[in-house]
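Here's a quick tour of one protein model, written for someone who would rather look at side chains than read tables. Keep the viewer open as you go.

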Amino acid sequence: MSNTEVAPQEILCETDMTCVGVEILVPRQVPLGGPRAMDVRRTLPQRQRSLIGAWCFLDHYGPDPVSDSGGMQVPRHPHTGLQTVSWLFTGEIEHRDSAGFHATVRPGEVNLMTAGAGISHSEFSTPDTAVLHGAQLWVALPDAARHMAPTFEHYRPEPVTGIGWTMRVFLGTLAGSASPVATHTPLLGAEILLEAGAELTLESDVSFEHGLLVDSGNLVLNGHAVAKDHLAYLPAGHASLTLAAGSDGARVLLIGGEPLGEKIVMWWNFVGRSHDEIVAFRDQWQAEIGAPDGSGPASAAGAGTDLRFGPFPPGQAAALPAPALPNARIRPRG
Ligand code: MN
């Protein structure tokens, strides 16, 4: 992956003359799930930044006319050691997983899948979806929780409104709105809509670092301009966040959390703690989908309890084989 497009760190001096580094993470285009599938704008991880709190991955996509992009077509694939957070602005996605959950992801509703020790799932935009627009984020599970049984949660936050703004808090607590979705480290996730010229100041936890993704419009965060599709990173230590929308208004995703404080090894769809652990996850996935070289069909998946990534409902599209491992050992980051 090329990271040459990453902007140099910019320095912002606030009125108290404390210089605070604000990193702007520039998106890169990545084809999702194969050459036929749509492109996503990936802002996390980057070479310079692996984590924001426990958030370890951010893909932002659309608005894509599904007739052009093919929409989201991601057949069964595995995950370990993380949670996936799906948040849509437009369109719908059908989710199916090996923990027995079958759900529709809809705008304004968070779907959170906890992989724990291992899960496999598929994600397809629904036949009725004409335009797909949203984000998928991953949260790294701390070592104490990463071997837990897989599960799935769904929550539709009640919007919180003020003068010129509307907020939906899907993880953690902000502006008096608390999500009931359990997290394994202190986390924040919210969608904020700002009307043209609106300004919003939020009290923030000084122990949290934050990321702000601009989905539409443009915006100034604590005095620093953030362009559409970019992710601004603020280190811990801020007691407040001030968002000021430009003349087009803005829609943003605000994420945050306490620094994870652990190094992770992340490769393909796996989060682990060592290269050897990732190799073992990959080997097990290839074995469970029924072909050591990954070329075979999806397993009919018996009901054996020793399956890390199964069973999976029959009659689905063939599972995605893992790519080849890199030649070098995968290094811990974070
Ligand atoms: Mn996935």
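## Rings, a metal and a core

Arg251 lies over the face of Phe89, 4.1 Å from the ring centre. A charge counts as sitting over a ring if NZ of Lys or CZ of Arg is within 6 Å of the ring centre and within 35 degrees of the ring normal. Arg49 does likewise with Tyr233, its charged end being 3.6 Å from the centre of that ring.

A word on ground rules: this is a predicted model, where local features need pLDDT of at least 70, side-chain atom pairs count only at pLDDT 80 or more, and totals for chains, interfaces and linings use all residues. Residues are numbered from 1 along each chain as its sequence is written, and side-chain values use heavy atoms, with hydrogens and water left out.

On to the metal. The manganese ion has His77, His79 and His121 as its protein donors, each through NE2 and lying 2.1 Å away. Donors here are N, O and S atoms within 2.8 Å of the metal (3.2 Å for Na, K and Ca); water is not among the atoms, so sites may look incomplete. Along the chain the donors are spaced H-x1-H-x41-H. His77 and His79 are both buried (under 20% relative accessible area, with exposed over 50% and partly exposed in between, using a 1.4 Å probe and protein chains only).

Next, the largest nonpolar core, which has 38 residues; Trp55, Cys56, Leu58, Val85, Phe170 and Leu171 touch the most other members. Such a core is a set of buried Ala, Val, Leu, Ile, Met, Phe, Trp, Tyr and Cys residues joined through side-chain atoms within 4.5 Å. Strand 12 gives the most to this core, five residues (strands are DSSP E runs of at least two residues, helices H or I runs of at least four, numbered from the N terminus).

Now the aromatic pairs, nine by count. Rings of Phe, Tyr and Trp (its six-membered ring) pair if their centres lie within 6.5 Å; planes under 30 degrees apart are stacked, over 60 edge-to-face and the rest tilted. Here are two of them:

| Pair | Type | Centre to centre | Angle between planes |
|---|---|---|---|
| Trp267 and Trp268 | tilted | 6.3 Å | 55° |
| Trp285 and Phe309 | edge-to-face | 5.6 Å | 90° |

Trp285 sits in helix 2 (residues 275-288) and Phe309 in the segment after helix 2, 24 residues apart. Both Trp285 and Phe309 are buried. Why does Trp267 count as buried? Because its relative accessibility is 12%. Trp268, at 24%, counts as partly exposed.
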